[in-house]
Amino acid sequence: MKDKYDVLIVGAGPAGSAASIKCVEEGLNTLLVEKGGLGRHKPCAGVLPPVASYVLDELGLHLSDNVLSDPPKLKVFYVPPSGRANGGELRNYFVFNLDRDLFDRWLAEKAVERGVNLQTNTNFITLEQGAQVEAILETKGNIQKVEVEYIVGADGANSKVRRCLKDAPTQKLLTVIQESWEGYGEFEDSFYTILNRKITPTYGYLLKKRGTLLIGTGAKDSKLCVQSLEALKSWLKSMFNFKPNKMIKREVGFLPYGECFIGCGNVMLIGDAAGLCNRFSGEGIRFALESGLTVAESIKDAKSGCQALEIYKMRAQPILDFVEKTANILEEKDDKWREEFVLTELRRSNLW
Ligand SMILES: Cc1cc2nc3c(=O)[nH]c(=O)nc-3n(C[C@H](O)[C@H](O)[C@H](O)COP(=O)(O)OP(=O)(O)OC[C@H]3O[C@@H](n4cnc5c(N)ncnc54)[C@H](O)[C@@H]3O)c2cc1C
């Protein structure tokens, strides 16, 4: 026996939940599967730009205070290679400080409220593409076959759906290590973005989360990532008088860092699975939501399986172009470029 749906969405992160909400709104019978439980933990700094709330508006959602951390909003503070004295906050700008676990749970619950069939603890195993797509799922040892018009892979940076597509380029990954510390320092309620090649070829960050300090950095090589994080903490001690007391948690996560690929035939990819992440800042939640919305609208407007992909490609092009622009910036540019970047950003934010 095969279960039949219009759309199968793999992964109940921001991309998958957003896509499923829009699919149901468009009248599509939608199955959303998640290998973890509801509200599974995702290592993430949880910084969301305010523009993302417009995407949530499109889903008929208002960002709930209950999914924000403490402090709920943060200013953005850039620190250039020459140090704190030449850095500063962007004026009249803030980002939301999400509690990522609560945010993802909230979105998935909204999806269920809207009529999405959500199966948790269900692992996508493989697929076979024809006029329809067949997927094999596994829930606590039970195998389930599903036949659908479309599969949407929203299963993150290490996407299995993407790996099932023979034309898909292998995703390169950036390792990100973040630590949560009890401690002190001369830190405001800001998201500190640290740009300094001597510490890391990519970026470092620090922000407050419910009485702790979350510190992280990314690198292509995981050994280098550990060294970068140690260098970042020493630098924070000298620049911000950071005094670490006790490490609460250390976690490792991955960001897509290679080529974007948005699908093939009646299988489409969104969010991290497609590689839609800003390589410069590590920001991906907004693109996950945006691509989720876009794929659902493309499916609704398509007359055939392949046409949906064509429409999705066209509508996702601005996101793809943006991501492309951010590729290699951090590796190719030297500290002089970083210094100028921060200066320009600070000047720009002080214009009005
Ligand atoms: C350390 C770190 C810090 C970050 N900080 C930020 C930040 O501050 N702001 C920001 O915007 N972005 C940040 N990002 C990036 C952001 O987390 C991602 O871009 C975002 O989570 C992408 O959402 P998604 O829905 O595409 O994928 P995910 O959130 O990864 O969700 C994928 C879902 O698919 C499920 N899944 C995977 N495989 C299967 C399978 N086989 N079957 C069923 N389900 C499956 C997973 O369990 C997961 O729930 C950070 C990333 C890292 C690693």
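Predicted model: local features only at pLDDT ≥ 70, side-chain atom pairs only at ≥ 80, totals over all residues.

Residues are numbered from 1 along each chain as its sequence is written.

Strand S1 (residues 2-10) runs parallel to strand S10 (residues 142-153), and 8 bridges join them. Strands here are DSSP runs of E with at least two residues, and helices are runs of H or I with at least four, numbered from the N terminus. Two strands pair if DSSP finds at least two bridges between them.

S10 also pairs with strand S9 (residues 133-139), in the antiparallel sense, over 7 bridges. There, glutamate 138 faces isoleucine 143 as its opposite residue in S10. The two strands form a hairpin with 2 residues between them, and lysine 140 in the turn has a positive phi of about 45°.

A parallel pairing over 3 bridges links S10 to strand S17 (residues 267-269). In S17, leucine 269 is the bridge partner of glycine 153.

What surrounds the ligand? The shell comprises 41 residues, the closest being Gly11, Gly13, Gly253, Gly271 and Gly284; a residue counts as near if its C-beta atom, placed from the backbone, lies within 6 Å. Among the elements giving two or more residues to this shell are helix H1 (14-25) and strand S15 (243-256).
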